[in-house]
Amino acid sequence: MRISSIVIIGATSGIAQGVARLYAERGWKIFLVARNADALQAMASDLKSRGASDVGVLIADLCDTTRHGEIVSTASRFSGNIDVVLIAHGVLKNQQEIDNDPNAMLKVFDVNAVSTISLMQRFASALEPQKSGTVAVISSVAGERGRRTLYTYGATKAAVSHFAAGLRARYLPLGINILNIKPGPVDTPMMAGRTQALIAPVSAVARDIVRAIDSRKGVIYTPWFWRHIMTIIKMIPERIFVKINF
Ligand SMILES: NC(=O)c1ccc[n+]([C@@H]2O[C@H](COP(=O)([O-])OP(=O)(O)OC[C@H]3O[C@@H](n4cnc5c(N)ncnc54)[C@H](OP(=O)(O)O)[C@@H]3O)[C@@H](O)[C@H]2O)c1
């Protein structure tokens, strides 16, 4: 029997680790890509002890787009047929942290948008001959409306969401699903030191992601109630929205 496989990009992210554990418990083959070698090795050992049938690792700074071809080919060689790709890396910067530093602002685009879109496209193309599989990407509810305190981060996530929608329309008829994951705040290192209402545990978000991959959803909000919160936020008239300081 063929063993199923998942490739996780930005594997040391809090959310990605939660998802990886669930696939390890299913006995899948797991290929991890991240830039922190020590964290990656520790994660690989942990996943093996949880039941993963095999774990491969590749160390890469994902902003180095010249390495994206190598990432896809190494992951494909390790996995054979790739059932799932999860793209999870990202950085969160409040607007005031980067307001006076255009290079730092563009760096957020490099990490969250440019490198992510490049990898989505490359993996979708790589899956085309199999005529099966899912490319899942973590965007954010922050991509749905430009907020005064978070519009650079939000714009990167809007770019990813928009790209994912088009990529899905193109690849779904070829048998490949593209899943856009829109979490609200999640309790990971990204949120450390930030006070945040409605923060979700990684375990719940990871479960939602795996369920959405299993059922070949196109877009999910996680936890589910963010769909309703965002419906309301998107309905607020612009003249009122610009006065809200959040
Ligand atoms: N946590 C939330 O509230 C929340 C909400 C909505 C969406 N999201 C999105 O969910 C995804 C996962 O975030 P998380 O919450 O799990 O955050 P996290 O634990 O802080 O993980 C972020 C990961 O991105 C990696 N990364 C950043 N720049 C990189 C680069 N140039 N090359 C390689 N890896 C890089 C980091 O690696 P290092 O450890 O080596 O720095 C880290 O593993 C992100 O796309 C984030 O925007 C998170």
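Tyr23 sits in helix α1; helices here are DSSP runs of H or I with at least four residues, strands are runs of E with at least two, and both are numbered from the N terminus. The structure is a predicted model, in which local features need pLDDT of at least 70, side-chain atom pairs count only at pLDDT 80 or more, and totals for chains, interfaces and linings use all residues. Residue numbers start from 1 along each chain as its sequence is written.

Tyr23 is buried, because 25 other C-beta atoms lie within 10 Å; the cut-off for buried is 20 or more, exposed means 12 or fewer, and partly exposed falls in between, with C-beta atoms placed from the backbone. Asp101 is 78 residues from Tyr23 in sequence and 40 Å from it in space, C-alpha to C-alpha.

| Residue | In contact with (C-beta atoms within 7 Å) |
|---|---|
| Tyr23 | Ile6, Trp28 and Ile30 |
| Ile30 | Ile6, Ile8, Ala20, Tyr23, Ala24, Leu47, Ala52 and Val55 |

Now to helix α7. Its buried residues include Val205, Ile209 and Ile213, and the buried residues of α7 pack against α1 (14-25), β4 (84-87), β5 (134-138), β6 (177-183) and β7 (219-222). Arg216, with a positive phi near 55°, follows α7.

How values were computed: Contact = placed C-beta atoms within 7 Å. Lists of a residue's contacts leave out its neighbours within four places in sequence.
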